[in-house]
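Subject: Structure handover

Hello,

Here is the structure for you to take over. My notes on it follow below.

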Amino acid sequence: MEFLDPALDDYVAKSTTAEPDALHKLNRETHLKVLQPRMLSGHIQGRVLSMLSHMIRPERILEIGTYTGYSAICLAEGLREGGRLDTIDINEELQPMVEKYLALTENTERIRMHIGPALEVIDTLEVPFDIVFIDADKINYINYYEAVFEKLRPGGYIIADNVLWSGKVIDESEIAEDPDTAALVEYNRFARADERTENVLFPVRDGLMISRKKPL
């Protein structure tokens, strides 16, 4: 995921609003105690998600893939008054850590965590969403997209993380040998070809594919 020169990456970080204290502590604890800490959105991407949420001013957000809760906290920062974020993860072992850090934020009561297979949980959620953030198992990205599409309001956004996959998406040997890489390449093609949306791939951190559902 080191697409920028380290010195330039450091400059970008120093030129960006700092992480709130709770997120800084969560970032550190995730790297110290949890497997695969690269799954954390982190400072720059977290501020991007927060900025997008503030720009969109969503009433409802759905996150698929909670991990340790960093991105949920960032996205919730832009919720409208009375808004809510639902976040889904299959790993209940991380729930106490997530709840610990949610309690340190002003949005803890507006974030609802669901434990279970995402496709099953999505089927139980009836409210229309303004933002859907997909950051779970890569093989199911298209399935998640299709599952949420009718629950996304016209003009709403689907944001998919890791779509550059450390640059592997342009490596033919990786595409041929790694199912996750192949799945992300297919997702990017699918998102680009979907005439129901407009899309742009942001080369932020490991890549964010942002798809906007066209108004009716």
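**The sheet**

Strand S5 (residues 152-161) and S7 are joined by five bridges and run antiparallel. Within that pair, Tyr157 has Arg212 of S7 as its bridge partner. Before going on, note that this is a predicted model, in which local features need pLDDT of at least 70 and side-chain atom pairs count only at pLDDT 80 or more, while totals for chains, interfaces and linings use all residues. Residues are numbered from 1 along each chain as its sequence is written, and side-chain values use heavy atoms, with hydrogens and water left out.

Helices (H or I, at least four residues) and strands (E, at least two) are DSSP runs, numbered from the N terminus. Two strands count as paired if DSSP finds at least two bridges between them.

The open sheet has seven strands in the order S3-S2-S1-S4-S5-S7-S6, and its pairing is mixed. S3 and S6 are at the edges with a single partner strand each, so one side of each has no neighbour in the sheet. From one strand to the next the twist averages 15 degrees. Axes here are lines fitted to C-alpha atoms, for helices over the stretch in contact, and angles run from 0 to 180 degrees between N-to-C directions.

Helix H7 (residues 141-149) lies across S1, S4, S5, S6 and S7, and runs at about 165 degrees to S5. Contact, here and below, means heavy atoms within 4.5 Å.

Five of the five residues of strand S1 (residues 60-64) are buried, so S1 is largely enclosed by the rest of the structure. Buried means under 20% relative accessible area, exposed over 50%, and partly exposed in between (1.4 Å probe, protein chains only). In a regular strand the side chains alternate between the two faces of the sheet. In S1, Arg60, Leu62 and Ile64 point one way, Ile61 and Glu63 the other way, and all are buried.

S1 pairs with strand S2 (residues 84-89) in the parallel sense over five bridges. Arg84 in S2 is the bridge partner of Arg60, and Leu85 is that of Ile61. The chain passes from S1 through helix H4 (residues 70-76) to S2 in a right-handed β-α-β crossover. Right-handed means that, with the strands pointing away from the viewer, the path from the first strand over the helix to the second runs clockwise. S1 is also joined to strand S4 (residues 129-134), by four bridges, and the two run parallel. There, Ile64 stands opposite Ile134.

Six of the six residues of S2 are buried, so S2 too is largely enclosed by the rest of the structure. Arg84, Asp86 and Ile88 point one way from S2, and Leu85, Thr87 and Asp89 the other way. S2 and S3 pair in the parallel sense over five bridges, with Thr87 opposite Met113 in S3. S2, H5 and S3 form a right-handed β-α-β unit.

**Nonpolar cores**

A nonpolar core is a set of buried Ala, Val, Leu, Ile, Met, Phe, Trp, Tyr and Cys residues joined through side-chain atoms within 4.5 Å. The largest one has 30 residues, of which Leu26, Leu85 and Ile159 touch the most other members. Elements that give two or more residues to this core include helix H2 (21-33), helix H3 (42-56), helix H5 (95-102) and strand S3 (111-115). H4 gives the largest share of this core, six residues. Another core, of 28 residues, lies apart from it and has Ala160, Trp165, Val169 and Met209 among its members.

Leaving out residues up to four places away in sequence, Ile159 touches Leu52, Ile131, Val132, Phe133, Ile134, Leu208, Met209 and Ile210.

**Two single residues**

Asp206 lies in the loop between strand S6 (197-202) and S7. Asp206 is buried, with a relative accessible area of 0%. Its side chain makes a polar contact with the side chain of Asn162 (3.0 Å). A polar contact is a pair of N or O atoms within 3.5 Å; within protein, one must be able to donate a hydrogen and the other to accept it, and residues adjacent in sequence count only if both atoms are side-chain atoms.

Glu174 is in helix H8 (residues 172-177) and is partly exposed, with a relative accessible area of 26%. Apart from neighbours within four places in sequence, Glu174 is in contact with Lys168 and Thr181.

Regards
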